[in-house]
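Hi everyone, thanks for coming. Please have a look at the sequence and the model on the screen, and then I'll walk you through a few spots.

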Amino acid sequence: INLNMMQGPTSPSLSYAYGPGLQSGYMFTDTHFFIQSRDTTGQNQTVGGDSWQVYTTSTCCVPFSVQYVANGIYRVNYNTPPGVVAITIRLNGQDVGSGPYNLYFNGIWPPNSLVTMPSTYSAGALRQIDIQSAFYFGGNVTAANYTTPDNYIVNVTTSNGVTVTLPVTNYFNGRYSAAFNVTRSGPMQVRIFLLGMPVAAGMWSINVNSGPLAPSLATASGSGLSSAPAGYPATILVMASDIYGNFKNTSSENVTISSPDTSITATVTPVGGVYRISAVFPLSGSFSVNIRMNGYDIVGSPFTIAATSSVSWVSSVPTNGGQITIQGSGFGNNPAIISVMVGSVLCNDVSISTPNTIITCYLSNGVGANLHVTVLVNGAANADSNTAFSFYPPSVTNVTSADTSGGRITITGSNFGNVSSAITVTIYGMSCLSVQIVVPHVTISCLAPVGYGYSRSVVV
């Protein structure tokens, strides 16, 4: 009698697993093992169809891939996680006969690596970052216990936002280094990665100080660099620089200001790498000015600075002319180089009353108010101001009478000028026409309009 015997169901307890993936080793390594399905009599299954489940209870989320091969054999692929791992193999809720499997996976663990680097740094100096690889379970990597090189990535971001990946040197004993030479001052960030994970602290901040001083690269700014009020302090700011053009925070440098054309009175106050120059030019003019640091001309030196005089007050004179007094600054002490214009009229015979601040001159006859005053010293005009010159206003002391039909009247007083066309006369608001000069500045006449009344107001 020929009987066709069918195999029974798979027995998890009689089945077994084997292969390299069930042995302790290095983490993050692709590996595999096999499962041999057996029936309840202990015979190897010859066909597939079992739904083996493979998972770990000690490490989260390890992906296992189960594939049927042949003759009841299944291949399980996975990547070894770090640490102690318990692998469970089950079918229908029952463990495989040889399981579970407690494995130990060690290897380089980026968070345990030791990184040594400078906390401060001077621009342009060559410095080094040192890395010591370490295992997951502790202990430094050496040439004797680990030969596979690690691919560290070291990124440096400078203060202007530029990121550079540094080349890493492998010493083949678990030690690595990355050299850097940054020329831009300010905060610098270092990030180190291995296996896609941050190494140790993950990020370091290094303060990059300025490099060696370069006096010739110092710069100047401020309103006083182009123009200055003669006789008053003008402010110029000088910023120290290193050889790479970085701001240099230093307060011990010798900053000077001078001119071959005039004597400048100046004080220099250092404030954290910025030198505040308060310079006084004694008189107006255009001057060549040297600004030096430690004896070296800074960028842009010599400068051309226009020092301008200023007018703060002007006296008045009668319309027949006279001496006027002008107060201000930057006039100097040499009347030969000073000229004064009142409106479009030259004021003659300039003299110095007080050096730099008070001058006088003789103004010929004229009329008018709010006339612009220009003081030129060495050809340089004073700065614009709201100060203006005015002749004395007219003053009426006597007016002759006229009958009701009108007629020519005579007006006596002062400061009438000597130009009839510049004079207007009103009597009680009505025009007195045909103004004539009788005696320049003191007596005029005009034709009174028809009218009547007495003590009418006269305005000249």
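L195 is exposed, with a relative accessible area of 52%; exposed means over 50%, buried under 20%, and partly exposed in between, with a 1.4 Å probe and protein chains only. Quick caveat: this is a predicted model, where local features need pLDDT of at least 70, side-chain atom pairs count only at pLDDT 80 or more, and totals for chains, interfaces and linings use all residues. Residues are numbered from 1 along each chain as its sequence is written, and side-chain values use heavy atoms, leaving out hydrogens and water.

Back to L195: its phi is positive, about 60°, although it isn't a glycine. You'll find L195 in the loop between β17 (186–194) and β18 (197–209); strands here are DSSP runs of E, at least two residues, numbered from the N terminus.

A200 has a positive phi too, near 50°, but A200 sits in strand β18 and counts as partly exposed at 29% relative accessibility.

Now, which residue is the bridge partner of N155 in β14? That's T165. Strands β13 and β14 run antiparallel, joined by four bridges; to pair, strands need at least two DSSP bridges.

Finally, the inside. The largest nonpolar core has 44 residues, meaning buried Ala, Val, Leu, Ile, Met, Phe, Trp, Tyr and Cys joined through side-chain atoms within 4.5 Å. Strand β25 (residues 285–293) gives the most to this core, four residues. A second, separate core has 26 residues, including F135 and F180.
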